[in-house]
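Visitor: I have a model open and a few quick questions. Can we go through it together?
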Amino acid sequence: MSSSMGDEVSDRSVALMAPDRALLERLRPVAERIFTETFGRLYDPGDFKRFCDGAYRPGGTMSRDFDDPRVHWRVATVQGDPIGYAKLTPLRAPASRPRAGAMELQQIYVLSDWHGAGVAARLMEWGLATARAQGAPDIYLTVFDHNERAKRFYARYGFEEVGRCTFQLGERIDDDRIWRARLDGLKADELGDP
Ligand SMILES: CC(C)(COP(=O)(O)OP(=O)(O)OC[C@H]1O[C@@H](n2cnc3c(N)ncnc32)[C@H](O)[C@@H]1OP(=O)(O)O)[C@@H](O)C(=O)NCCC(=O)NCCS
(Lines give C-alpha, C1' and ligand atoms only; values in the text may rest on other atoms or scores of the structure.)
Protein backbone atom coordinates (compact mmCIF):
# COMPACT_ATOMS: atom_id res chain seq x y z
CA MET A 1 0.00 0.00 0.00
CA SER A 2 1.29 3.45 -0.85
CA SER A 3 1.84 6.10 1.77
CA SER A 4 -0.61 8.62 0.36
CA MET A 5 -2.58 10.73 2.80
CA GLY A 6 -5.76 8.69 2.18
CA ASP A 7 -4.08 5.41 3.08
CA GLU A 8 -2.66 6.85 6.27
CA VAL A 9 -6.17 7.82 7.33
CA SER A 10 -7.33 4.23 6.62
CA ASP A 11 -4.40 2.78 8.58
CA ARG A 12 -5.28 4.80 11.63
CA SER A 13 -8.81 3.49 11.63
CA VAL A 14 -7.69 -0.14 12.07
CA ALA A 15 -8.59 -1.44 15.54
CA LEU A 16 -7.40 -4.68 17.13
CA MET A 17 -9.78 -6.44 19.49
CA ALA A 18 -10.44 -9.73 21.22
CA PRO A 19 -13.52 -11.05 19.41
CA ASP A 20 -16.82 -11.83 21.06
CA ARG A 21 -18.93 -14.56 19.45
CA ALA A 22 -20.76 -12.10 17.19
CA LEU A 23 -17.48 -10.79 15.75
CA LEU A 24 -16.16 -14.34 15.38
CA GLU A 25 -19.27 -15.17 13.31
CA ARG A 26 -18.51 -12.24 11.01
CA LEU A 27 -14.83 -13.19 10.88
CA ARG A 28 -15.50 -16.76 9.64
CA PRO A 29 -16.33 -15.81 6.00
CA VAL A 30 -13.48 -13.29 5.95
CA ALA A 31 -11.04 -15.97 7.15
CA GLU A 32 -12.32 -18.27 4.41
CA ARG A 33 -11.87 -15.50 1.83
CA ILE A 34 -8.25 -14.88 2.90
CA PHE A 35 -7.50 -18.61 2.89
CA THR A 36 -9.09 -18.91 -0.58
CA GLU A 37 -7.28 -15.90 -2.08
CA THR A 38 -3.97 -17.21 -0.71
CA PHE A 39 -4.19 -20.95 -1.38
CA GLY A 40 -7.35 -21.72 -3.41
CA ARG A 41 -5.54 -21.90 -6.75
CA LEU A 42 -3.34 -24.77 -5.53
CA TYR A 43 -6.09 -27.32 -4.95
CA ASP A 44 -8.83 -29.31 -6.60
CA PRO A 45 -11.99 -27.16 -6.21
CA GLY A 46 -14.08 -29.96 -4.66
CA ASP A 47 -11.39 -30.87 -2.13
CA PHE A 48 -10.88 -27.20 -1.34
CA LYS A 49 -14.59 -26.61 -0.72
CA ARG A 50 -14.81 -29.66 1.59
CA PHE A 51 -11.80 -28.43 3.56
CA CYS A 52 -13.25 -24.91 3.87
CA ASP A 53 -16.62 -26.29 4.98
CA GLY A 54 -14.88 -28.23 7.75
CA ALA A 55 -12.85 -25.25 8.87
CA TYR A 56 -15.13 -22.27 8.40
CA ARG A 57 -18.75 -23.48 8.63
CA PRO A 58 -20.66 -22.77 11.87
CA GLY A 59 -19.43 -25.36 14.37
CA GLY A 60 -16.30 -26.10 12.27
CA THR A 61 -12.73 -26.06 13.52
CA MET A 62 -12.57 -22.27 13.72
CA SER A 63 -15.68 -22.12 15.91
CA ARG A 64 -14.41 -25.00 18.06
CA ASP A 65 -11.12 -23.18 18.63
CA PHE A 66 -13.11 -20.15 19.72
CA ASP A 67 -14.64 -22.29 22.47
CA ASP A 68 -11.20 -23.44 23.67
CA PRO A 69 -10.01 -21.17 26.50
CA ARG A 70 -6.34 -21.95 25.68
CA VAL A 71 -6.72 -20.23 22.29
CA HIS A 72 -6.14 -16.46 22.13
CA TRP A 73 -7.49 -14.29 19.31
CA ARG A 74 -7.06 -10.82 17.93
CA VAL A 75 -9.18 -9.47 15.11
CA ALA A 76 -8.27 -6.40 13.08
CA THR A 77 -11.32 -4.35 12.15
CA VAL A 78 -12.07 -1.25 10.12
CA GLN A 79 -15.26 0.49 11.17
CA GLY A 80 -16.27 -2.74 12.88
CA ASP A 81 -15.66 -4.99 9.85
CA PRO A 82 -13.02 -7.74 10.18
CA ILE A 83 -10.07 -7.44 7.79
CA GLY A 84 -7.73 -9.98 9.38
CA TYR A 85 -6.90 -11.92 12.50
CA ALA A 86 -4.31 -13.88 14.42
CA LYS A 87 -4.75 -16.94 16.58
CA LEU A 88 -2.34 -18.13 19.27
CA THR A 89 -2.55 -21.70 20.63
CA PRO A 90 -0.47 -24.10 22.68
CA LEU A 91 2.12 -25.70 20.36
CA ARG A 92 0.40 -28.04 17.87
CA ALA A 93 3.07 -28.44 15.17
CA PRO A 94 5.22 -31.59 15.40
CA ALA A 95 8.32 -29.69 16.50
CA SER A 96 11.37 -31.58 17.70
CA ARG A 97 12.18 -31.24 21.43
CA PRO A 98 10.02 -28.20 22.18
CA ARG A 99 10.46 -26.49 25.52
CA ALA A 100 7.56 -26.69 27.99
CA GLY A 101 4.99 -23.98 27.50
CA ALA A 102 5.88 -23.25 23.87
CA MET A 103 3.08 -21.63 21.90
CA GLU A 104 2.13 -21.46 18.23
CA LEU A 105 0.92 -18.62 16.08
CA GLN A 106 -1.60 -20.75 14.21
CA GLN A 107 -2.83 -18.17 11.79
CA ILE A 108 -2.01 -14.64 10.86
CA TYR A 109 -4.30 -13.78 7.98
CA VAL A 110 -4.95 -10.36 6.51
CA LEU A 111 -7.09 -9.47 3.46
CA SER A 112 -4.89 -8.66 0.46
CA ASP A 113 -6.13 -5.03 0.30
CA TRP A 114 -4.39 -4.55 3.66
CA HIS A 115 -1.08 -6.28 2.97
CA GLY A 116 1.89 -4.00 3.51
CA ALA A 117 -0.20 -1.64 5.63
CA GLY A 118 1.17 -2.61 9.03
CA VAL A 119 -1.91 -4.61 10.06
CA ALA A 120 -0.07 -7.95 10.10
CA ALA A 121 2.77 -6.26 12.01
CA ARG A 122 0.36 -5.19 14.75
CA LEU A 123 -1.11 -8.69 14.91
CA MET A 124 2.38 -10.20 15.13
CA GLU A 125 3.37 -7.80 17.92
CA TRP A 126 0.21 -8.81 19.80
CA GLY A 127 1.10 -12.51 19.29
CA LEU A 128 4.66 -12.11 20.54
CA ALA A 129 3.59 -10.02 23.56
CA THR A 130 0.78 -12.43 24.45
CA ALA A 131 3.01 -15.52 24.19
CA ARG A 132 5.59 -13.77 26.41
CA ALA A 133 2.91 -12.81 28.91
CA GLN A 134 1.86 -16.49 29.04
CA GLY A 135 5.46 -17.39 29.92
CA ALA A 136 6.13 -19.16 26.61
CA PRO A 137 9.88 -19.58 26.01
CA ASP A 138 9.38 -20.03 22.27
CA ILE A 139 6.79 -19.29 19.65
CA TYR A 140 6.37 -21.57 16.64
CA LEU A 141 4.44 -21.40 13.38
CA THR A 142 4.18 -23.44 10.21
CA VAL A 143 4.46 -21.97 6.75
CA PHE A 144 4.00 -23.31 3.22
CA ASP A 145 7.51 -23.40 1.78
CA HIS A 146 6.48 -21.36 -1.28
CA ASN A 147 4.79 -18.57 0.71
CA GLU A 148 7.69 -16.18 0.15
CA ARG A 149 5.88 -13.10 1.44
CA ALA A 150 4.97 -14.79 4.73
CA LYS A 151 8.52 -16.15 5.17
CA ARG A 152 10.03 -12.72 4.64
CA PHE A 153 7.56 -11.24 7.11
CA TYR A 154 8.31 -13.90 9.76
CA ALA A 155 12.07 -13.51 9.35
CA ARG A 156 11.71 -9.86 10.34
CA TYR A 157 10.62 -11.01 13.80
CA GLY A 158 13.47 -13.45 14.34
CA PHE A 159 11.68 -16.60 13.20
CA GLU A 160 13.92 -19.29 11.69
CA GLU A 161 13.22 -22.65 10.11
CA VAL A 162 13.70 -25.49 12.62
CA GLY A 163 11.88 -28.40 11.00
CA ARG A 164 9.41 -29.73 8.48
CA CYS A 165 5.88 -31.04 8.50
CA THR A 166 3.18 -31.82 5.96
CA PHE A 167 -0.20 -30.30 5.25
CA GLN A 168 -2.75 -32.47 3.48
CA LEU A 169 -5.78 -31.12 1.67
CA GLY A 170 -7.58 -33.72 -0.46
CA GLU A 171 -5.04 -35.83 -2.31
CA ARG A 172 -2.36 -33.15 -2.23
CA ILE A 173 0.29 -33.26 0.49
CA ASP A 174 2.37 -30.10 0.84
CA ASP A 175 5.78 -29.65 2.34
CA ASP A 176 5.42 -27.11 5.13
CA ARG A 177 8.18 -25.71 7.30
CA ILE A 178 8.20 -25.25 11.06
CA TRP A 179 9.66 -21.92 12.16
CA ARG A 180 10.47 -20.77 15.67
CA ALA A 181 11.37 -17.53 17.42
CA ARG A 182 12.96 -17.49 20.85
CA LEU A 183 11.12 -15.28 23.31
CA ASP A 184 13.65 -15.46 26.13
CA GLY A 185 16.59 -14.03 24.24
CA LEU A 186 18.59 -17.25 24.33
CA LYS A 187 20.31 -18.41 21.17
CA ALA A 188 20.03 -22.01 19.90
CA ASP A 189 23.67 -22.85 20.76
CA GLU A 190 23.18 -21.61 24.35
CA LEU A 191 20.38 -24.17 24.68
CA GLY A 192 22.33 -27.14 23.35
CA ASP A 193 20.12 -27.48 20.27
CA PRO A 194 21.36 -30.03 17.73
C1 LIG B 1 1.77 -13.08 5.40
C2 LIG B 1 1.14 -11.75 5.82
C3 LIG B 1 0.52 -11.90 7.20
C4 LIG B 1 2.26 -10.68 5.88
O5 LIG B 1 1.68 -9.42 6.13
P6 LIG B 1 2.03 -8.19 5.15
O7 LIG B 1 1.34 -6.99 5.63
O8 LIG B 1 1.73 -8.64 3.76
O9 LIG B 1 3.61 -8.12 5.40
P10 LIG B 1 4.61 -6.92 5.08
O11 LIG B 1 4.21 -6.23 3.83
O12 LIG B 1 4.79 -6.12 6.32
O13 LIG B 1 5.96 -7.74 4.85
C14 LIG B 1 6.07 -8.61 3.76
C15 LIG B 1 7.52 -8.77 3.38
O16 LIG B 1 7.57 -9.63 2.21
C17 LIG B 1 8.10 -8.88 1.12
N18 LIG B 1 7.35 -9.34 -0.05
C19 LIG B 1 6.22 -8.85 -0.57
N20 LIG B 1 5.83 -9.60 -1.61
C21 LIG B 1 6.74 -10.60 -1.73
C22 LIG B 1 6.90 -11.68 -2.62
N23 LIG B 1 6.04 -11.90 -3.60
N24 LIG B 1 7.97 -12.49 -2.45
C25 LIG B 1 8.86 -12.29 -1.46
N26 LIG B 1 8.75 -11.26 -0.58
C27 LIG B 1 7.70 -10.43 -0.73
C28 LIG B 1 7.92 -7.43 1.48
O29 LIG B 1 8.88 -6.62 0.82
C30 LIG B 1 8.18 -7.49 2.98
O31 LIG B 1 9.53 -7.70 3.26
P32 LIG B 1 10.49 -6.57 3.89
O33 LIG B 1 9.88 -6.17 5.19
O34 LIG B 1 11.78 -7.26 4.08
O35 LIG B 1 10.47 -5.49 2.89
C36 LIG B 1 0.05 -11.29 4.80
O37 LIG B 1 0.65 -11.10 3.54
C38 LIG B 1 -1.11 -12.26 4.68
O39 LIG B 1 -2.04 -12.23 5.47
N40 LIG B 1 -1.05 -13.12 3.63
C41 LIG B 1 -2.16 -14.04 3.33
C42 LIG B 1 -2.31 -15.12 4.37
C43 LIG B 1 -1.00 -15.81 4.68
O44 LIG B 1 -0.26 -16.22 3.80
N45 LIG B 1 -0.75 -15.95 5.99
C46 LIG B 1 0.42 -16.64 6.47
C47 LIG B 1 0.18 -18.11 6.41
S48 LIG B 1 1.62 -18.98 6.99
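Visitor: Which element gives the most to the shell around the ligand?
Guide: α6 does, with six residues. Helices (H or I, at least four residues) and strands (E, at least two) are DSSP runs, numbered from the N terminus. This is a predicted model: local features need pLDDT of at least 70, side-chain atom pairs need 80 or more, and totals for chains, interfaces and linings use all residues. Residues are numbered from 1 along each chain as its sequence is written.

Visitor: How many residues surround the ligand?
Guide: 17 do, and the closest include His 115 and Glu 148. A residue counts as near if its C-beta atom, placed from the backbone, lies within 6 Å of the molecule.

Visitor: And which elements give two or more?
Guide: α2 (21–39), β4 (103–110), α5 (119–133) and α6 (148–156).

Visitor: Let's switch to α2. Where does α2 bend?
Guide: At Leu 27, by about 30 degrees. Pro 29 follows within four residues. The bend is the angle between axes fitted to the seven residues ending there and the seven starting there.

Visitor: Which residues of α2 are buried?
Guide: Leu 27, Val 30, Ala 31 and Ile 34. Buried means 20 or more other C-beta atoms lie within 10 Å of the residue's own, with C-beta atoms placed from the backbone.

Visitor: Why might a helix show spacing like that?
Guide: An α-helix has 3.6 residues a turn, so residues three or four places apart point the same way.

Visitor: New topic. How many bridges join β6 to β7?
Guide: Nine, and the strands run antiparallel. Strands pair if DSSP finds at least two bridges between them. Gln 168 stands opposite Ile 173 in β7.

How values were computed:
A residue is buried if 20 or more other C-beta atoms lie within 10 Å of its own, exposed if 12 or fewer, and partly exposed in between; C-beta atoms are placed from the backbone.
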